[in-house]
Amino acid sequence: MNYHVMTLFPDMITNAMSESITGRALKAGYLALEAVNIRDFADNKHNRVDDYPYGGGAGMVMQAEPVYRCYEDIMTRIREQGGSAAAKVIYLTPQGKVFDQQMAKEYAKEEDLIFLCGHYEGIDERALENIVTDYVSIGDYVLTGGELPAMVVIDTVSRLVPGVLNNEESAETESFSDGLLEYPQYTRPADYNGKAVPEVLLSGHHANIEKWRHEKSLERTRKFRPDLYEAYIKEHPEESR
Ligand code: ADE
């Protein structure tokens, strides 16, 4: 998977992604990442990429031309490397479709993903019309820019790319993909300040452990995410209680 991020803050992206599991996967070559500075494509000596909004109003708007030139630069490299001329361009915006695990699964099938991170009051609509294929939000709240949302999408997609997680880590993915929340986990000591680990987990009886975990998942999902619980019960009516 090759990620290309168009941003005014490339260090924010490369620093965060070089840590932990994504960092390991980048080093091992399962992922590649370039963060391209939109400012490098400014056409004036002050490297300005924003201007006042037509019609007035608060804030500044990112200009179309530097964004478009940055995109062209990335596309030239993708073409040179034999990638698809139809690479998806994901614009992070609170006005987009709310990101979920299903979208992550679809994105994980792509060879190249291009992210466009906005700042100020937004980006000139004409640049968006020209290049953006997907408008994506990470939830109903407003951040200062698209970098954190892009990293949320990149992180979520990355753990679905073959090779990124090791076997032990990937077993952990199954639980949410069945539509239920994760069951509670415990490790040593068996007694922590008078709180004991549930007996069944010490029993070594695998079928009972599985049953207990599934019940806890159902219980939690019903309590914290009734919307997910309803959807799950529709698919598995025999588990209704
Ligand atoms: N930019 C600002 N807020 C955002 C959000 N919630 N999702 C995606 N991009 C954003």
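Student: Okay, contact means heavy atoms within 4.5 Å. With that in mind, which residues does His119 touch, not counting residues up to four places away in sequence?

Tutor: This is a predicted model, so everything I say describes a prediction. In it, His119 touches Leu8, Phe9, Met62, Thr144, Gly145 and Glu147, once residues up to four places away in sequence are set aside.

Student: Where is His119 found?

Tutor: Look at the loop between strand S6 (112–116) and helix H5 (125–131); His119 is found there.

Student: And does His119 count as buried or exposed?

Tutor: Buried, because its relative accessibility is 15% and the cut-off for buried is under 20%.

Student: How far is His119 from Ala108, C-alpha to C-alpha?

Tutor: Those C-alpha atoms are separated by 26 Å, and the two residues are 11 apart along the chain.

Student: Let's zoom out. How many helices and strands are there in the protein?

Tutor: You can count 10 helices and 9 strands.

Student: What is the radius of gyration of the protein, and what would a compact globule of 241 residues have?

Tutor: The protein has 22 Å, whereas a compact globule of 241 residues would have a value near 18 Å. The C-alpha trace spans about 70 × 40 × 40 Å along its principal axes.

Student: What share of the residues count as buried?

Tutor: That's 40% of the 241 residues. There's also a figure for contacts: among those with a separation of 6 or more, 73% are between residues 24 or more positions apart.

Student: Now helices. How do you even describe two that pack together?

Tutor: You give the angle between their axes and the distance between the axes.

Student: So what are those for helix H1 and helix H6?

Tutor: Helix H1 covers residues 10–17 and helix H6 covers residues 147–158; their axes come within 10 Å and cross at roughly 30°. H1 and H6 are therefore roughly parallel to each other, as angles under 35 degrees count that way.

Student: Is the crossing of H1 past H6 left-handed or right-handed?

Tutor: H1 passes H6 in a right-handed crossing.

Student: Which residues meet there, in H1 and in H6?

Tutor: From H1 you have Met12, Ile13, Ala16 and Met17, and from H6 they meet Glu147, Leu148, Met151 and Ile154. By class, the residues of this contact of H1 with H6 are 7 nonpolar, no polar and 1 charged.

Student: Tell me about one of those. Which residues does Met151 touch, not counting residues up to four places away in sequence?

Tutor: Met151, which lies in helix H6, touches Met12, Ile13, Ala16 and Met17 by that count. Met151 is buried because its relative accessible area is 8%.

Student: What about helix H9 and helix H10: how do their axes cross?

Tutor: The axes of H9 (residues 206–224) and H10 (residues 226–235) come within 5 Å and cross at roughly 125°. That angle makes H9 oblique to H10. The contact of H9 with H10 has 6 nonpolar, 2 polar and 2 charged residues.

Student: Which residues in H9 and H10 meet?

Tutor: On the H9 side, His214, Leu218, Thr221, Arg222, Lys223 and Phe224; on the H10 side, Pro226, Leu228, Tyr229 and Tyr232.

Student: Switching to Tyr68. Where is Tyr68 found?

Tutor: Tyr68 is in helix H3 (residues 64–80). At 30% relative accessibility, Tyr68 counts as partly exposed. Leaving aside neighbours within four places in sequence, Tyr68 is in contact with Asn130 and Ile131. Asn130 is 62 residues from Tyr68 in sequence, but 8.1 Å away in space, C-alpha to C-alpha.

Student: Last topic, backbone. What do most residues and most peptide bonds look like?

Tutor: Most residues other than glycine have a negative phi, and most peptide bonds are trans.

Student: What joins Arg188 and Pro189 here?

Tutor: A cis peptide bond, with omega about 5°. Pro189 sits in the loop between helix H8 (174–177) and strand S8 (191–192).

Student: And what is the phi of Ser20, and of Asn193?

Tutor: Ser20 is not a glycine, yet its phi is positive, about 55°. Ser20 is in helix H2 (residues 20–28) and is exposed, with a relative accessible area of 62%. Asn193 has a positive phi too, near 50°. Asn193 is in the loop between S8 and strand S9 (195–196), and at 71% relative accessibility Asn193 counts as exposed.

How values were computed: Residues numbered from 1 in each chain as written. Predicted model: local features only at pLDDT ≥ 70, side-chain atom pairs only at ≥ 80, totals over all residues. Heavy atoms only, no water. Axes fitted to C-alpha atoms, helices over the stretch in contact; angles between N-to-C directions. Helix = DSSP H or I, 4+ residues; strand = E, 2+ residues; numbered from the N terminus. Parallel < 35°, antiparallel > 145°, perpendicular 65-115°, else oblique. Left-handed = near helix turned anticlockwise from the far one by under 90°. Nonpolar A, V, L, I, M, F, W, Y, C, P; charged D, E, K, R; others polar. Rg over C-alpha atoms; globule rule 2.2 N^0.38 Å. Buried < 20%, exposed > 50% of the residue type's maximum accessible area, 1.4 Å probe, protein only.
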